[in-house]
Amino acid sequence: MTGINRRQLGMGLGAAALGAALGGRGAGAQNLPATAPGAAGGAADALAFPADFLWGCATAAYQIEGGVKEDGRGETNWDVFSHTPGKTTDGGTGDIACGSYHRYEEDIALLKALGAKAYRFSVAWSRIFPEGRGKPNQKGLDYYNRLIDGLLAAGIQPHMTLFHWDLPTSLKGGWQSRDTAYAFADYAGYMAGKVSDRVKHIMTVNELRCFTDLSYMTGGKAPGLKLPMDQVNQIRHHGVLAHGLGVQAIRAGARADTEVGIADNATIFVPAIETSEHIEATKKAMREENAMFLTAIMEGHYLDSYLTAQGANAPKVKAGDMKAIGSALDFVSLNIYTPNFVRAADTPTGYEILPHLANSPRMASPWLYVGPEALYWGVRTVSELWQPKKIYISENGCSADDPVAKDGKVYDADRVMYLRNYLTHLQRAAREGYPVEGYFLWSLMDNFEWEDGYTKLFGIHHVDFKTLKRTPKLSADWYRELIRTNRLV
Ligand code: PNW
């Protein structure tokens with residue numbers, strides 16, 4: 001194994017204790033809450049996370065803020081899309097959402113009550129540059145300054161994402177235009193200059209696959225297009241280019257101690273059987289299947305296999321693009337929800353991705369197949385393939401049915417089950433010494449779930465969308481206890 005061992009000391013686990021812990025729990029152990037008497041805080045606590053592990057929650061601007069016409073905010077692709085009949089379930093829009101533009105202090109109070117050490121939020125580009133570029137809007141910046149200062153006053157680290165899908169419509173052509181990547185870099189550099197005295201973690205973009213493929217190829221997300229593959233590949237290229245130019249601009253504009261990374265939803269692969277043969281196949285799948293996104297960013301080039309497979313549809317790349325795209329990162333953040341099981345196979349690629357089946361377990365969103373091992377293997381494969389200095393889980397969580405009980409509370413034991421199992425596998429990654437530094441639960445509260453409107457809820461706080469009142473669910477009580485003890489509960 002590469003890149004391990006550094007963490008073991010921090011956790012007080014000597015080699016003997018580690019061996020015992022691994023032997024005792026087994027590699028694929030799931031759902032084993034701590035019951036060992038006296039284990040908590042002990043020198044050899046097999047269920048503990050590293051002492052300085054960063055526990056947080058995540059949200060995104062368009063999903064929570066509302067206030068879409070306030071203080072000079074410009075129009076975005078999601079304003080247009082959500083107001084187009086038939087595009088979102090029940091016609092849901094982000095016009096009001098959780099009202100966080102006005103209630104951000106309540107959100108900070110929720111985080112504080114949880115004991116969260118960090119908050120991942122995104123900046124609405126069109127509040128800062130209403131037309132995507134050009135003249136900045138001070139009132140928009142003021143909002144994020146208030147949020148950042150409020151977080152710091154509460155002892156919570158701000159982790160800021162610059163683009164979480166809400167693209168100013170003034171940028172003609174959206175991600176079809178190469179110019180959008182340059183506009184993003186200008187905006188990224190501007191924001192870094194304004195907030196890096198206080199924000200020490202900046203992510204460029206959120207989930208490349210979602211704002212390229214799912215927006216311009218399959219069309220479920222804004223702007224809802226179904227373009228041919230040559231255009232899709234070019235859009236993907238503009239996405240990774242925006243990230244790379246953004247990294248360069250942030251480094252130029254930010255203080256030296258501000259760390260830069262990306263929040264990507266690389267497709268995650270899990271060996272069907274944990275043997276060297278299937279593990280190798282899994283790593284191959286990880287590298288090949290993410291060739292147009294994370295692999296290009298981590299390696300600074302497109303794999304020949306990707307370019308060959310795309311043939312005449314391959315992206316047009318200009319001089320200097322790949323160097324920017326491959327800019328060194330301080331950390332890699334992964335949004336991980338679902339696994340894809342892989343076996344070694346006698347195929348040209350050497351692997352086979354096993355399909356999800358009708359009865360494969362899932363949560364409330366049809367795409368949300370359950371596979372807690374994804375957290376371990378996501379961290380491990382990224383770590384072994386590319387040796388990033390630090391890894392964060394920038395999103396993990398699930399939708400659930402969430403009925404409100406007679407006493408007004410949501411008892412979401414299914415979400416607790418999901419989270420406990422996933423974190424068991426993240427704890428394994430930390431225990432084995434992979435450089436995972438923190439975890440952001442998606443989401444702090446119920447919010448606008450894109451094309452699903454308000455019909456799929458991911459929050460650990462219930463939001464009454466009539467009154468905007470936030471109420472902790474059972475999962476929030478559970479997460480508070482996990483953060484308090486810093487171990488699996
Ligand atoms: C992420 N999929 O989206 C986003 O970053 C969040 O904004 C979103 O609310 C959250 O996950 C829950 O959906 C995804 O189809 C959307 O595999 C779709 C997929 C994955 C992530």
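Trainee: How do the residues lining the largest pocket divide by class?

Mentor: The lining of the largest pocket holds 13 nonpolar, 11 polar and 7 charged residues, where Ala, Val, Leu, Ile, Met, Phe, Trp, Tyr, Cys and Pro count as nonpolar, Asp, Glu, Lys and Arg as charged, and the others, Gly among them, as polar. Please keep in mind that this is a predicted model, in which local features need pLDDT of at least 70 and side-chain atom pairs count only at pLDDT 80 or more, while totals for chains, interfaces and linings use all residues. Residues are numbered from 1 along each chain as its sequence is written, and side-chain values use heavy atoms, with hydrogens and water left out.

Trainee: Okay, and which residues should I click on to find the middle of the largest pocket?

Mentor: Of the 31 residues that line the largest pocket, the ones nearest its centre are Glu207, Cys210, Leu214, Asn265 and Trp367. The search uses a 1 Å grid over the protein atoms alone: a pocket is an open set of points with protein on both sides within 12 Å along at least five of seven lines, a cavity is a set where a 1.4 Å probe fits but cannot get out, and lining residues have an atom within 4 Å of a point.

Trainee: What volume does the largest pocket have?

Mentor: The volume of the largest pocket is about 740 Å³, taken as the space filled by probe spheres set on grid points that are joined across faces, edges and corners. For the second largest pocket, the volume comes to about 180 Å³.

Trainee: And what lines the second largest pocket?

Mentor: The second largest pocket has 13 lining residues, and those nearest its centre are Asn77, Thr169, Gly174, Tyr216 and Pro223. By class, 8 residues of the lining of the second largest pocket are nonpolar and 5 are polar, with no charged residue.

Trainee: Which helix gives the most to the lining of the second largest pocket?

Mentor: That is helix α4, residues 77-82, which contributes 3 residues to the lining of the second largest pocket. Helices (H or I, at least four residues) and strands (E, at least two) are DSSP runs numbered from the N terminus.

Trainee: What about the peptide bond from Trp442 to Ser443, is it cis or trans?

Mentor: The bond from Trp442 to Ser443 is cis as well, with omega near 15°, and Ser443 sits in the loop between β11 and β12 (461-463).

Trainee: While we're on backbone angles, what is phi of Asp71 near?

Mentor: For Asp71, phi is near 55°, which is a positive value in a residue other than glycine. You will find Asp71 in the loop between α3 and α4.

Trainee: How does the lining of the largest cavity divide by class?

Mentor: In the largest cavity, the lining residues divide into 9 nonpolar, 3 polar and 2 charged.

Trainee: Now the strands: in what order do the 8 strands of the barrel come?

Mentor: The 8 strands close into a barrel with parallel pairing, in the order β1-β2-β3-β4-β5-β7-β10-β11, and two strands pair if DSSP finds at least two bridges between them. Between β1 (residues 54-58) and β11 (residues 436-442) there are 5 bridges in the parallel sense, and Ala58 stands opposite Trp442 in β11.

Trainee: And what is the order of the open sheet of 3 strands?

Mentor: The open sheet runs β6-β8-β9 with mixed pairing. Its edge strands, each pairing on one side only, are β6 (269-271) and β9 (351-353). Strand β6 pairs with β8 (residues 340-344) in the parallel sense over 3 bridges, and Phe269 stands opposite Asn340 in β8.
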